[in-house]
Amino acid sequence: SADGIRLLALSDSAYWMTANFGWSENDGTLYVGNFSMAPMLSRTGNQLGGTAADSEAIADLGGGVVAISFEREHRINTYTLGEDWSRLDMTGEAFPAPPGADSFTNNGGMEGLTALPGGDLLAGVEDGSEGAYPLWLHRGRDWFRSELAAQPDYGLTSLDYHDGHVYALERFWQPGIGNRIRILRFAVEALDGDEPIDPELLGTLEAGKTVDNFEGLSVTERDGRTVLLVMSDDNYNPSQRTLLLAFQLD
């Protein structure tokens, strides 16, 4: 939340989670508690299940409204949760998907979603081709395509806008190697260019560091510092972890 004391998250099986959020003034520890969970509902008011329940990303549209992107059955819903996120039982409302969304890779669709100034919405597609991830910008009534330069064998798993920049999370995984993470950013004005966007690399997480299947990214301000929060998805797999890490951006 804007005041840094609440957390809204979702699982990749269409469940909402809210929690209280706190910061240690001494050792940098994050405190998360007072959890609440609720099933996410479909456009017809039913609990989502099966391939329709692969929820991936949250974008705060303002006024208590969030947009949620889904994979497998590629689409975007909006939910009016209220400013305090107390209305988790709201029915989803249809939001137009980018052109050709039904042809996105089954498990490689819109894992990134963030609101931009002026009411624009940016969606990032996990699976890139020919060295670039597709980025889709919804402006007015139309979608406009641009591209973000892709690292080989990585996937784009999250986007967030903050203070003139779009921040992005890239994930790599292979058996025997494990996870590698790259955190990137680029100026929002680059979306209006004609060439693939070449982002700035802010940092990496790989073997020897605390790393897992990071798929969530949120950027905020705290005590005059820019802070990046990253969250991992354990895929309901006992060999993986749900982690929440915070980094100060120097």
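# Exercises on an all-strand predicted model

In this protein, 42% of the contacts between residues at least 6 apart in sequence join residues at least 24 apart. The model is predicted.

**Exercise 1. Decide how the radius of gyration of the protein compares with that of a compact globule.**

Step 1. The protein has 250 residues, and a compact globule with that number would have a radius of gyration near 18 Å.
Step 2. The value for the protein is 17 Å, which agrees.
Step 3. For the extent along the principal axes, the C-alpha trace spans about 50 × 40 × 40 Å.
Step 4. The accessible surface comes to about 12,300 Å², and carbon and sulfur atoms hold 47% of it. Of the 250 residues, 48% are buried.

**Exercise 2. State how many helices and strands the protein has, then describe the open sheet of four strands.**

Step 1. The protein has 18 strands and zero helices.
Step 2. The order in the open sheet is S8-S9-S10-S11, and the pairing is antiparallel.
Step 3. Strand S8 (110-115) and strand S11 (142-149) are the edge strands, since each of them pairs on one side only.
Step 4. On average, neighbouring strands of this sheet are turned by 20° against each other, direction ignored.
Step 5. Inside the sheet, strand S9 (residues 121-125) and strand S10 (residues 132-139) are joined by four bridges. Leu 121 faces His 138 in S10, standing opposite to it.

**Exercise 3. Classify Arg 75 as buried or exposed, and list what surrounds it.**

Step 1. Arg 75 is found in strand S6 (residues 75-80).
Step 2. Its relative accessible area is 13%. Buried means under 20%, so Arg 75 is buried.
Step 3. Leaving aside residues up to four places away in sequence, Arg 75 touches Arg 43, Leu 48, Ala 52, Ile 68, Ser 69, Phe 70, Ala 97 and Met 110.
Step 4. With Ala 52 there is also a polar approach: a polar atom of the Arg 75 side chain lies 2.5 Å from the backbone oxygen of Ala 52.
Step 5. Phe 35 is 40 residues from Arg 75 along the chain, and their C-alpha atoms are separated by 28 Å.

Notes. Residues are numbered from 1 along each chain as its sequence is written. This is a predicted model: local features need pLDDT of at least 70, side-chain atom pairs count only at pLDDT 80 or more; totals for chains, interfaces and linings use all residues. Side-chain values use heavy atoms; hydrogens and water are left out. Helices (H or I, at least four residues) and strands (E, at least two) are DSSP runs, numbered from the N terminus. Buried means under 20% relative accessible area, exposed over 50%, partly exposed in between (1.4 Å probe, protein chains only). Contact means heavy atoms within 4.5 Å. A polar contact is a pair of N or O atoms within 3.5 Å; within protein, one must be able to donate a hydrogen and the other to accept it, and residues adjacent in sequence count only if both atoms are side-chain atoms. Two strands pair if DSSP finds at least two bridges between them. Axes are lines fitted to C-alpha atoms, for helices over the stretch in contact, and angles run from 0 to 180 degrees between N-to-C directions. The radius of gyration is taken over C-alpha atoms; the globule rule is 2.2 Å times the number of residues to the power 0.38. Accessible areas come from the Shrake-Rupley method with a 1.4 Å probe; for residues, only the protein chains shown count as cover.
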